[in-house]
Amino acid sequence: MTDQPKPDAAAEAALGRLLAIMARLRAPDGCPWDQVQDFSSIAPYTIEEAYEVADAIRHGPDFSALQDELGDLLFQVVYHAQMASELGRFGFADVAETISEKMIRRHPHVFGEAAARDAATQTAAWEVQKAAERAARAESGTLAGVPSGLPALTRAAKLTRRAARVGFDWPDAAAVLDKLEEEAAELRAELPGADPARLADEVGDLLFVLANLARKLDLDPEECLRGANAKFERRFQGVEARLAQRGLSPADASLEAMEAEWQAVKTEEKQGL
């Protein structure tokens, strides 16, 4: 193994300060809000901060915002480690040591004697290593270890990617589109009965197939939906602006008027106006 870089003294000092701040917040004379939190109550913030990091990257990246958001995300790791330490389970050092050992184990071509790998070979080797780690944790089955806390579209893509590795997959995107039409027809057939449970089941099937379609096209379904959300937001704000020029709000306008403005906004976008 090659010599490792020397620790950054400034980074060590900054991290030590952050750990001390976290411990102080959770102390008996610390912050009342922080004192009553637990893993479940903090977990939503952890997810939110991860998304805010991704958002800062999408916008440029905006390095000032990225620095700030990475700090918020790091604080989440420190928060969970502090709560675990209070229970005598593990501390921040254990978290850092665990991920360090995992990265060394998963990169024998860097830290060991394995032959050099290109990106594709490393991806395949990574999956083999992760499968071995799941087996060591007694997690059996092709779909074992796909986190249930992932966004639903992302998890759908990951589940079916796993299944595809053992041959359970559509042959191409066109076949997925055929399945999409089949699921849409099943949903349409349920509309007259309006049974909420049946409708939820069929809408779920439709979304699941859409996640598969994105996967077959080498697209991230979450990114696709985020793009669609941003486009809708941008266009609807354009509709509001056009209505405002006529002294109207959306609440004052008819559906037909709003649709006309929507089409006008779309045309302007396509023309690059």
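Guide: To get the expected span of a helix, take one less than its number of residues and multiply by 1.5 Å. Helices here are DSSP runs of H or I with at least four residues, numbered from the N terminus. This is a predicted model, where local features need pLDDT of at least 70, side-chain atom pairs count only at pLDDT 80 or more, and totals for chains, interfaces and linings use all residues. Residues are numbered from 1 along each chain as its sequence is written, while side-chain values use heavy atoms, without hydrogens and water.

Visitor: Okay, what span should helix 3 have?

Guide: Helix 3 covers residues 39–58, which is 20 residues, so it should span 28 Å; its end C-alpha atoms are 29 Å apart, which agrees.

Visitor: Which of its residues are buried?

Guide: In helix 3 those are Ile42, Glu49, Val53 and Ala56. They fall within an arc of 65 degrees seen down the axis, so they line one face of the helix. The arc is taken from the directions from the helix axis to the C-beta atoms. Buried means under 20% relative accessible area, exposed means over 50%, and partly exposed is in between (1.4 Å probe, protein chains only).

Visitor: And what do those buried residues pack against?

Guide: Helix 2 (32–35) and helix 4 (63–86). Contact here means heavy atoms within 4.5 Å.

Visitor: New topic! How many salt bridges does the structure hold?

Guide: There are 18. Each one is a side-chain nitrogen of Lys or Arg within 4 Å of a carboxyl oxygen of Asp or Glu. One of them joins Glu86 and Arg26, at 2.6 Å from N to O. Glu86 is in helix 4 and Arg26 in helix 1 (residues 9–26), so the pair ties together parts 60 residues apart in sequence.

Visitor: Is Arg26 buried or exposed?

Guide: Arg26 is buried, at 15% relative accessible area, whereas Glu86 is partly exposed at 39%.

Visitor: Which residues are linked in a network of salt bridges?

Guide: Asp55, Arg58, Glu222, Glu223 and Arg226. Within it, Arg226 meets Glu222 at 3.9 Å, N to O, and Arg226 also pairs with Glu223, with the closest N and O atoms 2.9 Å apart.

Visitor: How many residues apart are Arg226 and Glu222?

Guide: Four, both being in helix 11, so about one helical turn separates them.

Visitor: Last one: where does Ala253 lie?

Guide: Ala253 sits in the loop between helix 11 (221–245) and helix 12 (255–270). Ala253 is buried, with a relative accessible area of 13%. Not counting residues up to four places away in sequence, Ala253 touches Leu243 and Met258.

Terms used: Helix = DSSP H or I, 4+ residues; strand = E, 2+ residues; numbered from the N terminus.
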